[in-house]
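Open the model in your viewer and get ready to select residues. The tour moves stop by stop.

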Amino acid sequence: MLEIIEKHIRSIEQTALSSAEEVETFRIQYLGKKGILTALFADFKTVPNDQKKLVGQALNALKTNVEEALSRFQVKSNTRKSAPQEDYSRPGYAAIPGAHHPISLVRNEIVSILERMGFAVAQGPEMEDDWHNFSALNFPPEHPARDMQDTFFLAKDPDWALRTHTSSVQVRMMETKKPPIRIIAPGRVFRNEAISSRSHCVFHQVEGLYIDKNVSFADLKQTLLEFARAFFGEKTEIRLRPSYFPFTEPSAEMDIWWGLENEVDHRMTKGTGWLEIMGCGMVDPAVLESCGIDPSVYSGYAFGMGIERIAMQRFQIPDIRAFYENDLRFLSNFTGAL
Ligand code: PHE
């Protein structure tokens, strides 16, 4: 009997169960009512007493082996069942590439050009107090120039507002840094304006500020020409039109020559061929003074450009609202751009 048991143990060690049917057959073969183990246990009664211990141990070992063989297969078949039944011959899904937002693309390019020219990036808060957004920039209270920019005031405290321009960062820089100061401040600004295809209540600007001894209007003009040629192309022409901002004197608006080749050009330039890109000027001595910089020693220039306007021109986007609708049909045009 001992030999028979050992033969079974060896044969189980070599059995590989690979299907549910085989397992069931194996189970019935050993554990069924008429199975091998059942029969062996029945025969056990006939084993002489002096061999009972040995045979008993062997019999138990066989039983354990049978159970182990079954549970081994169970584990295998469970993992199989839970694994997805993939068809590896199917074609894969194409990964959908993400894209930078067109505003980010244009901002990054503007920033990198100005960084190469020696400007460092500065930041300021989007919620500003009256001082940084207006008063320090030479907008006295009740000054009509405040109406140039319709402001979102904070309901609880009208001394606070969402900044209407990035010029507030000029003030923060002049207050905390000693000249020479050469910074740019890209950021989001807010104006309480009617939304149309050309204006929105949220948009983006890049501010520039340079304060040092002997900074002149010629420096401003040359810097802007360099910038325009780096961004719009080597042959780009610029023109400066006299303008007014409370914080610069003299003030100007800069246009680039865009051309009048087709209908889009006519529309974008209002039929003039010139595209308005930014406001600029020499920092008003009164502003230097309110920020603690001696205007008899230092002078400087500032400029501020709207990113949306430039992005609309670059990508021929006719409606500013497209930037904020997050329509994938629009955004996916910019995959791989720049
Ligand atoms: N802050 C001005 C604006 O909104 C632009 C500007 C910046 C003008 C710096 C002059 C100097 O529109």
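Predicted model: local features only at pLDDT ≥ 70, side-chain atom pairs only at ≥ 80, totals over all residues.

**Stop 1: the cavity**

Stay with that selection. The structure holds 1 cavity of 30 Å³ or more. The volume of the largest cavity is about 30 Å³. Now colour by element. Strand E2 (127-129), helix H6 (130-133) and strand E4 (157-162) each give two or more residues to the lining. E4 gives the most, with 4 residues. Colour by class next. The lining of the largest cavity splits into 5 nonpolar, 1 polar and 4 charged residues.

**Stop 2: the largest pocket**

Move on to the largest pocket. How much space lies in it? About 740 Å³. To find the centre, select Arg-191, Phe-203, Gln-205, Glu-276 and Gly-306. Of the 35 residues that line this pocket, these are the closest to its centre.

Next, show the elements around it.

- helix H7 (167-176) and H11
- strands E6 (202-212), E7 (238-245) and E8 (248-257)
- strands E9 (274-283) and E10 (299-306)

Highlight E9. The largest share of the pocket lining, 6 residues, comes from this strand. By class, the pocket lining has 13 nonpolar, 14 polar and 8 charged residues.

**Stop 3: two helices**

Select helix H11 (residues 307-315) along with helix H5 (residues 102-116). Their axes come within 9 Å and cross at roughly 105 degrees. H5 and H11 are therefore roughly perpendicular to each other.

Show the side chains. On the H5 side, pick Pro-102, Ile-103, Leu-105, Val-106, Arg-107, Glu-109 and Ile-110. They meet Ile-307, Glu-308, Ile-310, Ala-311, Arg-314 and Phe-315 in H11. What classes do the residues of this contact fall into? The contact has 9 nonpolar, no polar and 4 charged residues.

**Stop 4: the whole chain**

Zoom out. Colour residues 2-76 as domain 1 and residues 102-325 as domain 2. How many Å separate the centres of the two domains, taken over C-alpha atoms? The separation is 88 Å.

Definitions and conventions:
Residues numbered from 1 in each chain as written. Heavy atoms only, no water. Axes fitted to C-alpha atoms, helices over the stretch in contact; angles between N-to-C directions. Parallel < 35°, antiparallel > 145°, perpendicular 65-115°, else oblique. Contact = heavy atoms within 4.5 Å. Nonpolar A, V, L, I, M, F, W, Y, C, P; charged D, E, K, R; others polar. Domains from an automatic or database assignment. 1 Å grid on protein atoms, 1.4 Å probe; cavity = no way out; pocket = protein on both sides within 12 Å on 5 of 7 lines; lining within 4 Å. Points joined across faces, edges and corners; volume = space filled by probe spheres on them.
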